[in-house]
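Subject: Structure handover

Hello,

Here is the structure you are taking over. Please open it alongside this message.

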Amino acid sequence: MTFRPLARSLAPLPEESLPGFLLRLSSRLEIPPRWLAVRCGLIERSVHNARIPTLLLQDLPGATAQNFALATGLDLAEVSALTLRRFQPHYSPLRTAYRTPHRTTTMLSARWAMEFSPRYCPPCLRGNGSAIQQAWGGPWKLQWHLPVVFACPQHHRLLESACPGCRRQLNTSSSGRFNLVTSPGTRLHALQCRNRTEDAAPKARGNRRCGTRLDRLDHVSGPPPGLIASDLDRLLALQHRIDRRLFGDQQEPDGNSYFEDLLLAAHLITLSWPTAADLIPSRSLQARLDEHAAPITELTRASQITGLPSRRSGTRAAPADTTQRAALLLAADTLLGEQDQTSLREQVRPLVQTVRSHAPMFYGQIARSLNISPRFAQALATKSYGTHGHRNLRTPARKHRFSVEEVPAYLPKPWFDTYFDGFLDHMPEDQRPRVRALRRAASIRLVRLVTGASWPRCAEVLDLTPKMAAKLICSLAKRFDPIKLWSEFDRRVDQIADHLDVTQDRINYANRRQRLAEWRMASEEWHLLTAGIPRLRRLHEQGDPEIGAALAWSGATQGEPVHSPVIRESERNGGDVTLLTRELSVLQGDDLRGARLHLRRRLDVYAAHLASACDRGASLQVRIDDILIRG
């Protein structure tokens, strides 16, 4: 078919949708939308029951877009702006909804990707008072087809979800086969409801349309019946935040996962209702959400008892009522709000436990969710570790301001004393692990928070052996699993991570380890460091700098002396390091006195000089005179 320009056309209105443009243009040309769709190349031919495909709302294929542009006199950019393609970079469900429909999160995204029955704002439909908009109406806005759009901030009101005449949603279909435009063969004004009437006469049912003008609704602004002004203010503020993300005005901290998190949170809240009722500060909004969620939770719990599937429970679908939908999204946004990882996990935990108890099939689907942010995925995890050191749920990386290079290989003692104070009190004395095991494990988990890698891989990042990490996780699991202490361990490490995030002058420990990998303490330096200290004659006369090298390396890199390069080199060469490690253990003690305390202070000053040289990229040569003065 050869396409040619229409005799008359219209300029698209700001934010107008493809079906809205078709309705306005068909009103102006006084022809049914189906005939207009044929003339513009949206459908191939005009037959009595031809439908205009709904998927055209997502995007117009290349040839279709060119034909439509030629017929309407628009350019391709204007044609593309009529479709939801403009929202795909920011609204992730539009990108993922139809890729792999067997995936649970994909099915959830598909239900929330777009709506064929749009909500609408009567004042917007009335237009701006211009001659064109007085005649054919204002824009049917494109974003009204997105399920996360429920309000019009411009007119300070919630969108309408149904026609005031027939009381039914727009663009409904009794057969389940939706049309881009309802009743496309009927000639009506662009702002008239095109739903079929519920006429009792069989012959009339197929011909009569509602015809109610949607721009003349009496209720113009203010909260819907049953809500108060503060409720509307909260919902409008949420819509404003959502709009900023939809239009790309706000950068997402976790990539483009905000909407995936929001939808899964809404799913979780629905399944666990009323456990999450306190996420909504208003009793009126709680009551409206209860109208939607209570029947669903009752059905899913009944199916758990009877063993029958509850596929028609509608758990993944957005509530049809605008106020119910707004209340659900408000609860989900509140759950995901600006809070630290520990607080998020504490809020999510009771919801997850409720779903596990009453809807275990749905919990399994949630646990396997894809595309959500690492932060939310970690909060959903109920069991982190097993006796073999594997995650039972996926362990995504979490976006932090600190990097793996800024994680010390052995958690510094001041950090441990601050964040793990009282931790061992949770355990019987005979089951308590060594402090050094906890300090090793905490550092490895800090790396895991950033990378999401396995424990052995994280150990390698810290220049530790994978075998040591595997043994460590198994040892801790035997102690932590019986008393469910992993979550408390994770919570305290999360607090350290939060502290690192806000620390301005972080240290690149990886650089220090690299700089000091080949460094060794000279015998002359060790001789000077041990000189003049009474009752330290043996160490002075022995002249073995390996003790000093291991402790200085440990102080500069915050690693364990037994993992220092000098000790590892001695072990590789078959040397016996028993006496050496024993002396190192003594000099690491917290109850040092006398000569050894004096030596340790000198070594701490020496280590500080080394650390500073590493950070500045300076020579590793240390002036012993400065150390003797300060030590």
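Below are notes on its salt bridges and on one helix.

This is a predicted model, in which local features need pLDDT of at least 70 and side-chain atom pairs count only at pLDDT 80 or more, while totals for chains, interfaces and linings use all residues. Residues are numbered from 1 along each chain as its sequence is written, and side-chain values use heavy atoms, with hydrogens and water left out.

Salt bridges

Side chains of opposite charge can pair when their charged atoms come close. A salt bridge here is a side-chain nitrogen of Lys or Arg within 4 Å of a carboxyl oxygen of Asp or Glu. That rule gives 25 salt bridges.

One of them joins Glu115 and Arg119, at 3.5 Å from N to O. Both of these residues are buried (under 20% relative accessible area; exposed means over 50%, and partly exposed is in between, with a 1.4 Å probe and protein chains only).

Another pairs Arg457 with Glu460, whose closest N and O atoms are 3.8 Å apart. The two residues sit three apart in helix α19 (residues 455–461), so about one helical turn separates them. (Helices are DSSP runs of H or I with at least four residues, strands are runs of E with at least two, and both are numbered from the N terminus.) Arg457 is partly exposed at 43% relative accessibility, and Glu460 is partly exposed at 39%.

Asp615 and Arg512 also form a salt bridge, with 2.7 Å between the closest N and O atoms. Asp615 belongs to helix α28 (residues 594–616) and Arg512 to helix α22 (residues 509–515), so this pair ties together parts that are 103 residues apart in sequence. Asp615 is partly exposed, at 43%, whereas Arg512 is buried, at 7%.

There is also a network of salt bridges, which links Arg345, Arg445, Asp490 and Asp494.

Helix α27

Which residues are buried in α27? They are Leu580, Glu583, Leu584 and Leu587. These residues cover an arc of only 105 degrees around the axis, so they are on the same side of α27; the arc is that of the directions from the helix axis to the C-beta atoms.

Glu583 deserves a separate note. This residue is in α27, which spans residues 578–587, and has a relative accessible area of 10%. The Glu583 side chain makes a polar contact with the side chain of Arg596, at 3.1 Å. (A polar contact is a pair of N or O atoms within 3.5 Å; within protein, one must be able to donate a hydrogen and the other to accept it, and residues adjacent in sequence count only if both atoms are side-chain atoms.)

Regards
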